[in-house]
Amino acid sequence: MERRFESDRHTIMPPNFFVSHALEEGQDWRAFMAGIAMYPNFMVAWWDVDTVLLPIHSSPNHWLFGELRLASMEVHIYDSLGRGAYEKFQSEGIFSKFERRVANYLDKIKYWARRNILRIPLNMQFIYEENVPQQSSHLGDCGVFLCMFMEQLVSGQPIRVLIDPKNAALEFRLRMAKIIWGSSLAPL
């Protein structure tokens with residue numbers, strides 16, 4: 001998000017946004033959806049974007065990625081470990097809870113009026129994306145793959161199956177380290 005251009009039509013929600021929406025009734029995310037939240041300080045209002053990018057945590061220790069396309073209300077799910085988390089969310093009703101809460105918040109932030117479109121029933125579709133890179137091991141690469149998926153979408157690149165996912169994850173980790181440490185005085 002820090003490298004986001006004004007012309008970009010996406011925003012990235014905080015890591016706990018998806019699960020909190022579905023599981024924690026006490027959370028109020030209107031400030032995030034309206035782009036006025038202080039964390040992070042570069043949030044963009046949902047009525048100013050076409051896509052909302054969702055890091056998704058699946059207990060106990062797995063990360064996957066969701067892409068909410070606002071025009072169609074489709075949530076595309078990208079998972080480097082296969083269908084397990086998607087099927088768990090579907091069977092436990094987490095997708096339905098998320099849809100109800102998002103519908104409520106869209107009304108509260110006056111999303112439809114601000115987009116100057118008629119309010120429609122959401123009828124969110126949760127689509128598991130089949131042809132995405134898969135981890136070659138269970139060594140905790142799911143967070144790295146989430147970041148790779150997000151960067152590819154933000155850069156306008158299609159998410160594609162990698163020839164060598166293990167090395168791709170290692171190369172991406174090094175690249176992330178260089179970005180994070182890029183402003184420090186220590187060489188990497």
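In β3, Leu53 has Glu67 as its bridge partner. On another side, Leu53 in β2 stands opposite Ile12. The model is predicted; local features need pLDDT of at least 70, side-chain atom pairs count only at pLDDT 80 or more, and totals for chains, interfaces and linings use all residues. Numbering runs from 1 along each chain as its sequence is written, and side-chain values use heavy atoms, with hydrogens and water left out.

**Strands**

Strands here are DSSP runs of E with at least two residues, and helices are runs of H or I with at least four, both numbered from the N terminus. Two strands pair if DSSP finds at least two bridges between them. The pairings are tabulated below.

| Strands | Sense | Bridges | Facing residues |
|---|---|---|---|
| β1 (residues 10-12) and β2 | parallel | three | Ile12 and Leu53 |
| β2 (residues 51-58) and β3 | antiparallel | eight | Pro55 and Phe65 |
| β3 and β4 (residues 74-78) | antiparallel | five | Gly66 and Ile77 |
| β4 and β5 (residues 125-128) | parallel | four | Val75 and Phe126 |

Three residues link β2 to β3 in a hairpin. The hairpin of β3 and β4 has four residues between the strands, and Met73 there takes a positive phi near 55°. Arg69 stands opposite Glu74 in β4.

Burial comes next. Buried means under 20% relative accessible area, exposed over 50%, and partly exposed in between, with a 1.4 Å probe and protein chains only. β2 is mostly covered, with seven of its eight residues buried. In β3, six of the eight residues are buried, so the strand is largely enclosed by the rest of the structure. β4 has four of its five residues buried, so β4 too is largely enclosed by the rest of the structure.

**His62**

Where does His62 lie? His62 belongs to strand β3, which covers residues 62-69. The residue is buried, with a relative accessible area of 10%. Its side chain meets that of Asp79 in a polar contact of 2.7 Å. Such a contact is a pair of N or O atoms within 3.5 Å; within protein, one must be able to donate a hydrogen and the other to accept it, and residues adjacent in sequence count only if both atoms are side-chain atoms.

Contact in general means heavy atoms within 4.5 Å. Neighbours within four places in sequence aside, His62 is in contact with Ile56, His57, Asp79, Ser80, Leu81, Ala85, Gln135 and Cys142.

**Helix α3**

Ala85 belongs to helix α3 (residues 84-91), where Ala85, Tyr86 and Phe89 are buried. Seen down the axis of α3, these buried residues fall within an arc of 105°, so they line one face of the helix. The arc is that of the directions from the helix axis to the C-beta atoms. An α-helix has 3.6 residues a turn, so residues three or four places apart point the same way. After α3 comes Gly93, with a positive phi near 75°.

**Aromatic rings**

Rings of Phe, Tyr and Trp (its six-membered ring) pair if their centres lie within 6.5 Å; planes under 30 degrees apart count as stacked, over 60 as edge-to-face and the rest as tilted. How many aromatic pairs does a search of the whole structure find? The search gives 14.

One of them joins Phe17 and Phe98: the ring centres are 6.2 Å apart and the planes stand at 90°, so the pair is edge-to-face. Phe17 lies in helix α1 (residues 17-23) and Phe98 in helix α4 (residues 94-108), so the pair ties together parts that are 81 residues apart in sequence. Phe17 is buried, at a relative accessible area of 0%. Phe98 is buried as well, with a relative accessible area of 0%.

Phe65 and Tyr78 have ring centres 5.8 Å apart and planes at 35°, so this pair is tilted. Phe65 lies in strand β3 and Tyr78 in strand β4, so the pair ties together parts that are 13 residues apart in sequence. Both residues, Phe65 and Tyr78, are buried.

One aromatic cluster is formed by Phe17, Phe18, Trp46, Tyr86, Phe89, Phe95, Phe98, Phe126 and Tyr128. Its members include Tyr86 and Phe89, both buried in α3.

A charged group also meets a ring. Arg114 lies over the face of Trp47, at 4.2 Å from the ring centre. A charge sits over a ring if NZ of Lys or CZ of Arg is within 6 Å of the ring centre and within 35 degrees of the ring normal.
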